[in-house]
Amino acid sequence: MGDENPIYLNDSAIKELLSWDTLIPTVESVLSAISDKDESESIQPPRLLMPIPSRHGVMLCMPSFCGTQNIYGFKVISSFRKNIERGLPSINGIITLLDSETGRVKMMLEANEITAWRTAAASAVATKHLYKGEKKVLAILGAGVQGRSHALAMQHLFQFSEVRIWNRTFERAKVLCAELGNWAKPFESIELCVRGANVIVTTTYAPEPIIDMAWLQTGTHINAVGACQNHYSELPLDVYRHSTVVVDAWGSATEELRGLTDCGIELFCELGEVIRGAKKLPGTSKFTIFQSLGMSLEDIATAELIYNKVKDKF
């Protein structure tokens with residue numbers, strides 16, 4: 001790279017460079033790679049999580065490397081749930097992309113857009129591989145940044161007949177649906193939003209369950225994305241007990257989902273194992289859950305995708 005300065009991109013520039021057509025396959029590829037660590041030379045230690053209780057916040061530090069894909073870097077983010085009341089994004093951070101051969105800094109990127117896009121892309125990949133039924137009704141719980149990105153990613157890949165959006169404050173759900181277009185419908189009742197849905201995405205900060213198992217139809221797939229403090233408080237334990245639970249990466253899951261496993265909930269496998277055909281879903285559970293914790297490799301692969309688009313312009 002010589003002595004040139006690293007490239008820096010803010011969220012506005014990043015938004016113009018991303019597309020679902022290229023990002024979803026990229027995220028699918030790294031999800032597969034992390035489940036075959038020896039072959040792909042993937043390294044992704046459990047992320048460092050530092051709670052900041054007095055600010056209702058948490059900081060996460062996430063490094064990763066993949067030798068076969070030549071990607072290397074790290075992300076540092078903060079999640080402050082009270083930011084919503086301030087009119088600010090709840091998640092903020094930065095991604096540093098490094099040269100996989102030398103360790104030199106290639107690019108620094110604001111993390112908000114990448115986090116929103118890659119999380120939704122991972123849920124889309126999970127839905128593709130874990131849910132084989134008809135994709136008519138999608139219910140999204142939470143009308144924030146992740147709710148928006150999931151609506152766009154899911155509709156891009158699957159073209160649901162009906163997209164329902166619920167939020168704790170109904171007005172926010174109406175605003176998001178107006179922004180998305182007439183294919184999205186706001187719901188004031190969370191029960192009515194969920195009943196009859198084939199696929200559900202939870203993207204809230206709910207500290208306790210917001211779904212009742214009685215509302216769910218057999219075969220429903222759930223992408224559990226929110227509940228940043230413990231990652232699994234949005235769903236009741238009885239839903240987990242009747243589900244096949246798939247995670248993005250064992251390293252994070254065994255640490256951060258210990259509360260679930262301590263309650264006797266089995267984590268079945270990594271999503272990458274299903275993608276590669278190494279594992280098959282048992283087909284004996286009422287529901288499937290993709291417990292999305294977020295992977296640094298998703299961020300770094302997205303950053304590398306962007307870098308390859310812009311490197312010749314700097």
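This is a predicted model: local features need pLDDT of at least 70, side-chain atom pairs count only at pLDDT 80 or more; totals for chains, interfaces and linings use all residues.
View 1. The space within the second largest pocket amounts to about 160 Å³.

**View 2. The two assigned domains of the chain.** The domain assignment gives domain 1 as residues 7-114 + 297-309 and domain 2 as residues 123-295. A distance of 21 Å separates the C-alpha centres of domain 1 and domain 2. Contacts between the two domains involve 28 residues of domain 1 and 30 residues of domain 2.

**View 3. The largest nonpolar core.** This core contains 66 residues, and Met107, Ile165 and Ile306 are those with the most contacts inside it. Helix 4 (residues 112-130) supplies the largest share of the core, namely 9 residues. The core lies between domain 1 (7-114 + 297-309) and domain 2 (123-295), because both domains give residues to it. Apart from this core lies another, of 32 residues, which includes Val194, Val239, Tyr240 and Ala253. In soluble globular proteins, nonpolar side chains tend to be buried together.

**View 4. The surroundings of methionine 107.** Met107 is one of the residues with the most contacts inside the largest nonpolar core. When neighbours within four places in sequence are left aside, the residues in contact with Met107 include Pro6, Ile7, Leu9, Ile95, Thr96 and Leu97. Further contacts of Met107 are with Ala303, Ile306, Tyr307 and Val310. Among these partners, Ile306 is likewise listed with the most contacts inside the largest nonpolar core.

**View 5. The largest cavity and the residues around it.** How many cavities of 30 Å³ or more does the structure hold? There is 1 such cavity, and the volume of the largest cavity is about 40 Å³. Its lining includes Gln44, Pro45, Pro46, Arg47, Met62 and Pro63. Ser252, Gly294, Met295 and Ser296 also line the largest cavity. By class, 5 of the lining residues are nonpolar, 4 are polar and 1 is charged. Domain 1 (7-114 + 297-309) and domain 2 (123-295) each contribute at least three residues to the lining of the largest cavity.

Terms used:
Residues are numbered from 1 along each chain as its sequence is written. Side-chain values use heavy atoms; hydrogens and water are left out. On a 1 Å grid over the protein atoms alone, a cavity is a set of points where a 1.4 Å probe fits but cannot get out, and a pocket is an open set with protein on both sides within 12 Å along at least five of seven lines; lining residues have an atom within 4 Å of a point. Grid points are joined across faces, edges and corners, and a volume is the space filled by probe spheres set on the points. A nonpolar core is a set of buried Ala, Val, Leu, Ile, Met, Phe, Trp, Tyr and Cys residues joined through side-chain atoms within 4.5 Å. Buried means under 20% relative accessible area, exposed over 50%, partly exposed in between (1.4 Å probe, protein chains only). Helices (H or I, at least four residues) and strands (E, at least two) are DSSP runs, numbered from the N terminus. Domain bounds come from an automatic or database domain assignment. Contact means heavy atoms within 4.5 Å. Ala, Val, Leu, Ile, Met, Phe, Trp, Tyr, Cys and Pro count as nonpolar, Asp, Glu, Lys and Arg as charged, and the others, Gly among them, as polar.
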